[in-house]
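Subject: Handing over the model

Hi,

Here is the structure I promised to pass on.

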Amino acid sequence: MTDAEMDAVTDAVTDAVIDLNADLGEGFGRWRLTEDEELLSVVTSANVACGFHAGDAATMRRVCEQAAARGVRIGAQVSYRDLAGFGRRSMDVPADELAAEVAYQIGALEVFARAAGSRVSYVKPHGALYNRVVHDEDQARAVVEGVLLADDTLPVLGLPGSRFLEVAGKAGLPVVTEAFADRAYTPEGTLVPRGRDGAVITDADAVVERSVGMARSGTVTAQDGRRIDVRARSLCLHGDTPGAVALARQVRARLAASGVRVEAFA
């Protein structure tokens, strides 16, 4: 490595900054899945379920109030209308219908965000919709149309190299790239489907190390052992995994100890 390349690496490490986001409000009625209040003390951005894969009006209001009180950015986590499947089943929804449903979800969350003294600061698809718009341009365009209907200034959060971010950028929406420390990657840079062995990484030490590596170098080891580029501005910490709060605290502490600044992108 040349001196110039070494200097570039040093500058990248020195300037490393990352947002920590988590999926929150994923309950319904008396049932709660995520430890929202505890995670809000760690993350800088909250992806709030908007009622289509999880969440209800009271839950959305509560999480928005808690996020606003802590200065955590509120994001609308939009999904297919699939409560029974937790939004993890791919669905063939007509484009005009999907666009309207995305706008509807953002609008619903905006009411509670504003009532709490905050606002919806970004949009992130959930589950099957997130994975679908990586490759499906028609569905990606529908999601982007829905965001534009709701607020044409909202940033969107998604996988680097996805059709979704490409379409959103061309439509004038700010795009923000995201990485996942607890999910396995294919050599192409996409997430290994949850149904496959090793798709979710459960070893806490491995998740922490991957988090630091992603933030500092923008790379990660894919499932086949190859190093791939996953340069991202935000890192997702799943709130529905066992021990999510303790793991999130470990990740944030190690990032700070490694000289990585943790701050919201929006």
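To start with the charges: how many salt bridges does the structure hold? The count comes to 19, where a salt bridge is a side-chain nitrogen of Lys or Arg within 4 Å of a carboxyl oxygen of Asp or Glu.

Some ground rules before the details. This is a predicted model, in which local features need pLDDT of at least 70 and side-chain atom pairs count only at pLDDT 80 or more, while totals for chains, interfaces and linings use all residues. Residues are numbered from 1 along each chain as its sequence is written, and side-chain values use heavy atoms, with hydrogens and water left out.

Back to the pairs. Lys124 and Asp23 bridge at 3.7 Å, N to O. Lys124 sits in strand β4 (residues 120–125) and Asp23 in strand β1, 101 residues apart, so the pair links distant parts of the chain. Both Lys124 and Asp23 are buried (under 20% relative accessible area; exposed is over 50%, partly exposed in between; 1.4 Å probe, protein chains only).

Helix α6 has a pair of its own: Glu137 and Arg141, four residues apart, about one turn of the helix. Their closest N and O atoms are 2.7 Å apart. Glu137 counts as partly exposed because its relative accessible area is 30%, and Arg141 does too, at 44%. Shared partners join Glu137, Arg141, Arg163, Glu166 and Lys170 into one salt-bridge network.

On the nonpolar side, Phe28, Trp31, Leu33 and Leu83 make a surface patch of about 380 Å². Patch members have over 30% relative accessible area and no salt bridge; like charges are joined within 9 Å, nonpolar side chains (Val, Leu, Ile, Met, Phe, Trp, Tyr) within 5 Å. Areas are Shrake-Rupley with a 1.4 Å probe, and for residues only the protein chains shown count as cover. Phe28 is in the loop between β1 (17–24) and α2 (36–39).

As for the whole chain, there are nine helices and ten strands, and buried residues make up 52% of the 266 residues.

Cheers

How values were computed:
Helices (H or I, at least four residues) and strands (E, at least two) are DSSP runs, numbered from the N terminus.
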